Amino acid sequence: MSFMQFDYPTPRLHPKHNNWCEDLPENHEPQLVPPQLRWLTERNDIYLEVPRYRIEVMWGGMLCAALFPLSGALLMIIILIIQYGWGSYDYVAMLLGSCGTTVLLSLFLHGLKTTFIEPRSQPIRLNRKRQKLYVYNYKQPWQPWRKAITRISVYNWADIHGEVHFESTPGIRGYHLYGALCEPGTHQVVERFVLAKEWGEREQLNQIWSYLCMYMQHDDELPPP
């Protein structure tokens, strides 16, 4: 009796990512998928900058959500005034009311900060003159009154490999284009980071990778986004 054998795709890079779907062509190889970008900030002879918008944040929803804790804080203050009056003091009630009001106002400030102050894009910049990749990330402290911390990671483009992953976590569900930093001349992964995200269009990620690779290969016959 003979059995049919099936060849299942295996990842090129090690260690394998749990959500791995596909390895993309090496960045120095000819790209077979037509290049296309959905978003573009700047492109010139020296560098290319592409925004990475945070699709997991509903910006209008954050502004509406910020109004609920503000309403709760004002309501709590009104209740305390009606219950105890201006001239009466109940230290336990005042302490509880102050703590609750502080928490609610902090949530209100966090909603305002997320909507109007926090950066909505964490861009990537490719410098083809230096063959470098710059990845911008913002770390948000838990304190709503503090600014986001900017971190810029710099990589050699020759050490970057492309992968497509599928994330099933609620809020970030969809296909993601990952850049994998490997040790020079190997497929041993040192670090992975997101280059682009799509909810359902996996082919779009292949086109984005082709565009980035062709730009770094000094191919100027690229379509507008």
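Let's start with a term: buried means under 20% relative accessible area. Keep that cut-off in mind. The model is predicted.

Take Y175. Its relative accessibility is 19%, so Y175 counts as buried. F166 has 24%, so F166 counts as partly exposed. How are the rings of F166 and Y175 arranged? Their centres are 4.9 Å apart and their planes stand at 65°, so the pair is edge-to-face.

Now a second aromatic pair. Y155 and F193 have ring centres 4.7 Å apart and planes at 10°, so this pair is stacked. Y155 sits in strand β6 and F193 in strand β9, so the pair ties together parts 38 residues apart in sequence. Y155 is buried, at 5%. F193 is buried too, at 7%.

On to the sheet. Strand β9 belongs to an open sheet of 4 strands, in the order β1-β7-β8-β9, with antiparallel pairing. Neighbouring strands are turned by 30° against each other on average, direction ignored. Between β1 and β7 there are 3 bridges. E22 has V164 in β7 as its bridge partner.

Next, helix α3, residues 202-216. Of its 15 residues, 12 are buried, so the helix is largely enclosed by the rest of the structure. Among them are W209, Y211 and Y215. R128 lies over the face of Y215, 4.4 Å from the ring centre. After α3 comes H218, with a positive phi near 65°.

Methods. Residues are numbered from 1 along each chain as its sequence is written. This is a predicted model: local features need pLDDT of at least 70, side-chain atom pairs count only at pLDDT 80 or more; totals for chains, interfaces and linings use all residues. Side-chain values use heavy atoms; hydrogens and water are left out. Two strands pair if DSSP finds at least two bridges between them. Helices (H or I, at least four residues) and strands (E, at least two) are DSSP runs, numbered from the N terminus. Axes are lines fitted to C-alpha atoms, for helices over the stretch in contact, and angles run from 0 to 180 degrees between N-to-C directions. The expected span of a helix is 1.5 Å times one less than its number of residues. Buried means under 20% relative accessible area, exposed over 50%, partly exposed in between (1.4 Å probe, protein chains only). Rings of Phe, Tyr and Trp (its six-membered ring) pair if their centres lie within 6.5 Å; planes under 30 degrees apart count as stacked, over 60 as edge-to-face and the rest as tilted. A charge sits over a ring if NZ of Lys or CZ of Arg is within 6 Å of the ring centre and within 35 degrees of the ring normal.
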